[in-house]
Amino acid sequence: MKQPLNALCALLVGLTIPACSEKPSGPVTDSDTLSVESGATIDSSSGDLTPHQQNAKDFLHELIEIDTTHPNGDNTAAAQAMAEKLLAAGFMAEDVQVLEPAERKGNLVARYRGRDPDKKPLLLLAHIDVVAADPADWTLPPFEFTEQDGYFYGRGVVDDKDEAAIHVANFIRLREEGYVPDRDIVIALTADEEGGTHNGVTWLLENHRNLIDAEYALNEGGGGGMQNGVHILNAVQASEKVFQSFTLETTNPGGHSSLPVKDNAIYHLADALIRVRNYDFPVNLNEVTSMYFGRSADMGGEYEEAMRGILQNPPDPTAVARLSEIPMFNSRLRTTCVATELDGGHAENALPQRARATVNCRVLPGESIDAVEETLRTVIGNSGVAITRNAVATPSPPSPLTPDVLGSIEAITEEMWPGVPVIPTMSTGATDGLFLRNAGIPVYGVSGLFSDMDEPARAHGQNERILASSFFDGQEFLYRLTKILTTEDIQ
Ligand SMILES: [Zn+2]
């Protein structure tokens with residue numbers, strides 16, 4: 001899953017840039033191709049690519065044309081294809097492994113040896129499975145790599161085969177340049193991030209932790225935003241909310257509906273849900289969201305004052321009220337719980353014996369699920385409403401924004417796109433970063449891959465595409481970042 005636009009749109013709302021409107025992701029139109037002119041700086045078909053850019057493009061091409069859709073797609077074939085590139089470039093077989101927990105669910109783990117084997121490695125993570133794409137919905141064939149009007153098209157070009165191709169091409173570039181990192185660098189290209197029962201990250205953590213253990217990891221989840229060809233911001237995802245659903249259930253002896261009583265399972269459940277609706281969890285900012293609001297305020301716009309107000313201690317109530325009206329901001333201010341499913345009664349002429357609802361909570365990292373459940377009990381205030389957890393949540397602590405990591409990202413962003421701010425973000429959904437964070441490996445969603453903020457989100461949608469120039473810029477950004485993070489004496 002890729003969610004950069006969530007974070008970016010939140011900012012855009014604040015900046016009142018006319019973007020992130022709910023445009024359907026439709027077929028390629030004239031306006032689509034016209035918008036290319038503003039952003040495209042590289043015509044990759046004209047043959048002026050460097051050998052390393054050509055590698056990245058070729059690898060992406062090959063990955064797109066291997067269908068890795070769950071359940072029949074062949075992740076192993078995609079992992080194997082990238083393994084062969086590394087072996088051909090001279091990496092040793094023992095450092096390039098395709099590990100297959102189940103048929104077609106292979107993961108590639110490749111290691112670039114550094115100077116100090118005792119230093120914990122840098123992990124570069126990308127998933128190579130993709131969301132299903134129905135060719136009938138696309139105007140271009142989703143499992144063919146198409147280059148058109150300055151864009152690369154195909155399922156996975158932004159989520160997340162682009163980063164997979166880039167990491168492999170950058171490994172080869174670093175090797176050809178004779179680069180010796182201060183520690184090992186590990187690439188993991190994994191299966192079943194988008195669904196399926198063989199999530200590569202979970203499986204590797206459980207079965208081959210030593211292969212992917214790292215000081216920290218770079219992953220999807222961040223990305224840049226631009227508008228009319230102008231780079232606006234570079235987002236770094238350093239935190240994710242925790243997913244926890246609860247079932248609320250009421251029961252009653254029931255009876256004939258011609259003899260109604262007020263004591264009714266549906267009414268009790270409805271009362272409980274209205275109380276949940278009316279309750280707002282307290283505002284609770286962490287390091288990541290504080291920086292998110294602070295730096296967003298620095299960019300100016302309609303919500304600047306409210307964003308500054310929220311950072312006061314205690315937060316200014318007017319600012320809280322203002323930002324709470326915007327779902328993208330509200331969800332970053334607090335834990336949220338919302339009714340999502342409803343089921344009750346057994347006959348139209350009977351008093352209900354049972355009513356049930358699902359309440360889905362997105363819990364701020366650092367807040368306990370026990371506390372959220374206790375809050376729900378208190379808010380509902382009716383011991384006749386049974387509250388149970390639907391699953392055991394996986395905690396996901398925020399990754400610390402250390403000067404080494406954040407400073408390096410800022411320095412390279414400034415080199416490549418002077419004046420463009422780096423904005424730390426917290427995703428309200430989850431990526432594979434969840435499992436690594438839970439295992440004690442910090443994760444930063446950062447790519448330097450910019451997308452147009454006016455563009456409908458095409459990851460998971462139709463005619464998924466990436467601007468060729470953004471792809472190559474992202475490749476360069478990740479090359480520099482990989483290097484700076486594995487070079488001693490960085491400041
Ligand atoms: Zn993804």
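This is a predicted model: local features need pLDDT of at least 70, side-chain atom pairs count only at pLDDT 80 or more; totals for chains, interfaces and linings use all residues.

Q: Leaving aside neighbours within four places in sequence, which residues is Leu63 in contact with?
A: Leu63 has Ala78, Ala81, Ile128, Gly156, Lys161, Ala164 and Ala165 as its contacts once those neighbours are set aside. Leu63 also belongs to the largest nonpolar core, which has 101 residues. Along with Met82, Val168 and Val186, Leu63 has the most contacts inside that core.

Q: Which helix gives the largest share of this core?
A: Helix 17, residues 468-485, supplies eight residues, the largest share. There is also a second, separate core of 17 residues, with Phe246, Ala265, Ala272 and Ala357 among them.

Q: Now for strands. Which way do the side chains point?
A: In a regular strand the side chains alternate between the two faces of the sheet. Take strand 8, residues 223-227. Here Gly223, Gly225 and Gln227 point one way, while Gly224 and Met226 point the other way.

Q: Are the residues of strand 8 buried or exposed?
A: Five of its five residues are buried.

Q: Which strands pair with strand 8?
A: Strand 9, residues 230-240, runs antiparallel to strand 8 and is joined to it by five bridges. In this pair, Gln227 stands opposite Val230. Two residues lie between the strands of this hairpin, and Asn228 takes a positive phi near 50 degrees. Strand 18, residues 450-452, runs parallel to strand 8, with three bridges joining them. There, Gly224 stands opposite Phe450.

Methods. Residues are numbered from 1 along each chain as its sequence is written. A residue is buried if 20 or more other C-beta atoms lie within 10 Å of its own, exposed if 12 or fewer, and partly exposed in between; C-beta atoms are placed from the backbone. Helices (H or I, at least four residues) and strands (E, at least two) are DSSP runs, numbered from the N terminus. Two strands pair if DSSP finds at least two bridges between them. A nonpolar core is a set of buried Ala, Val, Leu, Ile, Met, Phe, Trp, Tyr and Cys residues joined through C-beta atoms within 7 Å. Two residues are in contact if their C-beta atoms, placed from the backbone, lie within 7 Å.
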